[in-house]
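Visitor: I'm new to this kind of picture. Could you show me how to read it, one feature at a time?

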Amino acid sequence: MDEQYKITANAQEAPVIGPGYTFGTVTEKISAIVLTRPASNGWFVGFGIAFLMTMMMLYAIGYLVLKGIGIWGVTIPIGWGFAIVNFVWWIGIGHAGTLISAILLLLRQSWRNSINRFAEAMTLFAVACAGIFPAIHVGRPWLAYWLFPYPSTMGVWPQFRSPLMWDVFAVSTYATISALFWFIGLIPDMATLRDRAQHPATRIIYGMLSLGWRGSARHWHRYETAYLLLAGLATPLVLSVHTVVSFDFAVGIVPGWHTTIFPPYFVAGAIYSGFAMVLMLAIPIRKIYGLEDFITERHLQNAAKVMLATGLIVAYGYGIEAFMGWYSGDRYDAFTLWNRLHGPYAIPYWALLICNIFIPQVLWVRKLRTSPVALFFISGVILVGMWLERFIIVVVSLHRDFLTSSWGMYYPTRWDWMTYFGTIGMFLAAIFLFVRLLPMISIFEMRTLLPEAEVKE
Amino acid sequence: MKRERIYGIMAEFDSAQALIDAAKRTHEAGYNKIDAYSPFPIEGLAEELGFHRDEVPLVVLIGGIIGGLTGYLMQYWMSAVDYPLNIGGKPYHSWPAFIVITFEMTILFAGIFAVFGMLALNGLPMPYHPVFNVPRFALASKDRFFLIVFSSDPKYDPAGTRGFLAGLQPRSISEVPS
């Protein structure tokens, strides 16, 4: 542990970990949630609701497979609709998990150690939700595997010059690397659970998942090297994923899409919504499981600051879009701006500006940054706002393009809504299971934050 | 006939500092086949045990090169050799469009090599290992620190090594049955 690391861990006023903890108590406290704490009625009710919502999603998808995407509101000219809105929204939410686990690791922000595990879990579940949408949106979901370059009897290959194809590779790489990163982070903690478990079956399951980890110094050395390199790989990866997602739009010539500001502004928006989701999960979890000493006020404040900063980048993106609408002199770009402000979808656009730009400015107030209740609601507002942003980008740009004769309107149907809310249910169901079955805070990384972990040469 | 082979002698310590000091002294005393176990990574501990060659970065580099070449050559071969298709008048070998997937494949392969390379070099998964025979070793994943001298060490001798380890003031000493 070098000097810099210690300074960030110990020298600031708000601690990253409450006082008085030892290796033993940190271990006991986190592993007890999984091993000994009985599941409460609240957990069963919450999981039950999330499970029913998941079933609703499966029902909606089942009906879609039977009937075709005509059950959705998508029609020409709006061929993308909710599926792409939700895809971009979910994949963006996932980005905060990788930012916390990889980028903050490289920047030696040790406060990340108590939130990286469940932020990574959030990433995985969000990417799983995101992945559903393009697959069911292709029209014949049972042929979605055509997206991958496999040697087929047809003899043709995918079209690699298309951003949609890049997206297939970016998202599947992202899902794989996120899963690997999460899994290797879990290995030492699985060993802890194996050694703490009372029931033989539990011991065998966690023992298998731990791969026989025994904490050898040589193993730790290679482990840390691999973890650090993986973080270094995940960092450009996460930035590339939303960049590629934005190429899906920016490479097209549709007014409102064809702009170079998209990649950075998509990445900032992704982190913005992702931190909002992290806070919406962390705030109730720390309260329910009594983890205020591990997920402290400092974590909430830092997350709020990240949201404030990325929110301003997003606001800058909106500003540039509006400016280019005027400055380019392109009448179609100018019309897109006018249409957003005054067209049939003006209400969602103004709501988006209020949710993403105006309301989050209250985060300048320190008192609100440290208030869990206020942060919870502001995060909710941001998540709604970011969803509206993707709705505006997808629907409003498509519904009125160059020729008035090809204008149209998009009205989501109940199947659109059921699928969307269903994925939220699936996401929450996965989170509910995660907090009961796996240590939601990285135990071994928490140990390194304790003063007794320090050694001198 | 009960013939118990000894895998090594293990000493238990209370703190990371005690373990790192003990590892240093044991290595300096001429023991080479030793290992240390801790509930979290300790900077510099592996070096004290005489571990200097970490091959993980090389494995990751190889993975990245394989991935990048695979990604680029796959696209080149599919788009320009096996089934050339004219897409909007672009060249068959339109390399700028191939960069994104080349990049993603580089990351994908490097990441997979990092994880599975690390596990393979560590000899994991290995559900059974003799050190698990020591009941107190369960604490190695919680708050205790262990140092072991393997019986395969040329300098190993049951009584002498035990005596040496006792001189390091450990909390306890146990024999690890093989």
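What follows is a walk through the features, with the general idea first and the case here second.

Guide: Before we start, this is a predicted model, where local features need pLDDT of at least 70, side-chain atom pairs count only at pLDDT 80 or more, and totals for chains, interfaces and linings use all residues. Residues are numbered from 1 along each chain as its sequence is written, while chains are lettered from A and ligands numbered from 1 in the order in which they are written.

Visitor: How do I read the sheet, and which strands of chain B make it up?

Guide: Strands (E, at least two residues) and helices (H or I, at least four) are DSSP runs, numbered from the N terminus. Two strands pair if DSSP finds at least two bridges between them. Here you have an open sheet of 4 strands in the order β2-β3-β1-β4 (chain B), with antiparallel pairing. At the edges stand β2 (34–37) and β4 of chain B, each with a single partner strand, so one side of each has no neighbour in the sheet. On average, neighbouring strands of this sheet are turned by 20 degrees against each other, direction ignored. For angles in general, axes are lines fitted to C-alpha atoms, for helices over the stretch in contact, and angles run from 0 to 180 degrees between N-to-C directions.

Visitor: What packs on the sheet?

Guide: Helix α1 (residues 16–28) of chain B does, touching β1, β2 and β3 of chain B, and its direction makes about 15 degrees with that of β3(B). A contact means that the C-beta atoms of two residues, placed from the backbone, lie within 7 Å.

Visitor: Which strands does β1(B) pair with?

Guide: With β4 (residues 172–177) of chain B, β1(B) pairs in the antiparallel sense over 6 bridges. Another 6 bridges join β1(B) to β3 (residues 145–150) of chain B, again running antiparallel. Take Gly8(B): opposite it in β4(B) is Val176(B), and opposite it in β3(B) is Phe150(B). Ile9(B) has Glu175(B) as its bridge partner in β4(B).

Visitor: Is β1(B) enclosed or open, and how would I tell?

Guide: Count neighbours: a residue is buried if 20 or more other C-beta atoms lie within 10 Å of its own, exposed if 12 or fewer, and partly exposed in between, with C-beta atoms placed from the backbone. In strand β1 (residues 6–13) of chain B, 6 of the 8 residues are buried, so the strand is largely enclosed by the rest of the structure. Glu12(B) lies in this strand, and it counts as buried because it has 22 C-beta neighbours inside 10 Å. Leaving out residues up to four places away in sequence, Glu12(B) touches Arg136(B), Arg144(B), Phe146(B), Pro170(B), Arg171(B) and Ser172(B).

Visitor: Which residues have a positive phi?

Guide: Arg108(A) is one of them, with phi near 55 degrees. Its place is the loop between α4 and α5 of chain A, and it is partly exposed, with 14 other C-beta atoms within 10 Å. Gln169(B) also has phi near 55 degrees. You'll find Gln169(B) in the loop between α5 (158–166) and β4 of chain B, and with 12 C-beta neighbours inside 10 Å it counts as exposed.

Visitor: At what angle do helices α5(A) and α9(A) pack?

Guide: α5 (residues 116–137) and α9 (residues 262–288) of chain A pack at about 120 degrees, with their axes 10 Å apart. They are therefore oblique to each other (under 35 degrees is roughly parallel, over 145 roughly antiparallel, 65 to 115 roughly perpendicular, and the rest oblique). Phe118(A), Ala119(A) and Met122(A) of α5(A) make the contact with Met277(A), Val278(A) and Leu281(A) of α9(A).

Visitor: And how many residues of the two chains are in contact?

Guide: 54 residues of chain A are in contact with 60 residues of chain B. On chain A's side, the largest share, 16 residues, comes from α8(A).
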